[in-house]
Amino acid sequence: MQEKYYKYAHLILTKGLCINEKQPLLINAPIEAIEFVRILTEVACKLNIRDIYYDWTDEQLKHTQLQYFNEDEIKAIKPLAEIKVININALKTLIFHLPLH
């Protein structure tokens, strides 16, 4: 099964993202996907991609945090897509988003 994950990671990087070694890579994933992110990172490194960033998500942590926000604080939260666009334009980073489901 591990071999299939390595092949899938290679396919994602080379055909899906068409990333080259001079481009940064941002992997956005839930913390439950750590094993695949490790494989994806190893494959990326074998492809000479050296500029790799991680953006971890955890729904339970976010839920806990939001329980303590008041209504104004919740309204002030920037949409995640807006934050990502700022990062993408600044870094010209390729993003791989790994959804949990």
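**Exercise 1.** Decide whether Glu71 and Lys75 are buried or exposed, and find what joins them.

*Solution.* Both Glu71 and Lys75 are exposed, where exposed means over 50% relative accessible area, buried under 20% and partly exposed in between, with a 1.4 Å probe and protein chains only. Next, the two residues form a salt bridge whose closest N and O atoms are 3.1 Å apart; the term stands for a side-chain nitrogen of Lys or Arg within 4 Å of a carboxyl oxygen of Asp or Glu. Finally, both lie in helix α4 (residues 71–75), 4 residues apart, or about one turn of the helix, a helix being a DSSP run (H or I) of at least four residues, numbered from the N terminus.

The model is predicted, so local features need pLDDT of at least 70 and side-chain atom pairs pLDDT 80 or more, while totals for chains, interfaces and linings use all residues. Residues are numbered from 1 along each chain as its sequence is written, and side-chain values use heavy atoms, leaving out hydrogens and water.

**Exercise 2.** Describe the pairing of Glu42 with Lys46 and the exposure of each residue.

*Solution.* The side chains of Glu42 and Lys46 meet in a salt bridge of 3.2 Å, N to O, and both residues belong to helix α2 (residues 34–46). Glu42 is partly exposed at 32% relative accessible area, whereas Lys46, at 60%, counts as exposed.

**Exercise 3.** Explain why Lys7 and Glu3 are separated by about one helical turn.

*Solution.* Lys7 and Glu3 are about one turn apart because they stand 4 residues from each other in helix α1 (residues 2–16). Their salt bridge has its closest N and O atoms 3.3 Å apart, and both residues are exposed.

Technical notes: Helices (H or I, at least four residues) and strands (E, at least two) are DSSP runs, numbered from the N terminus.
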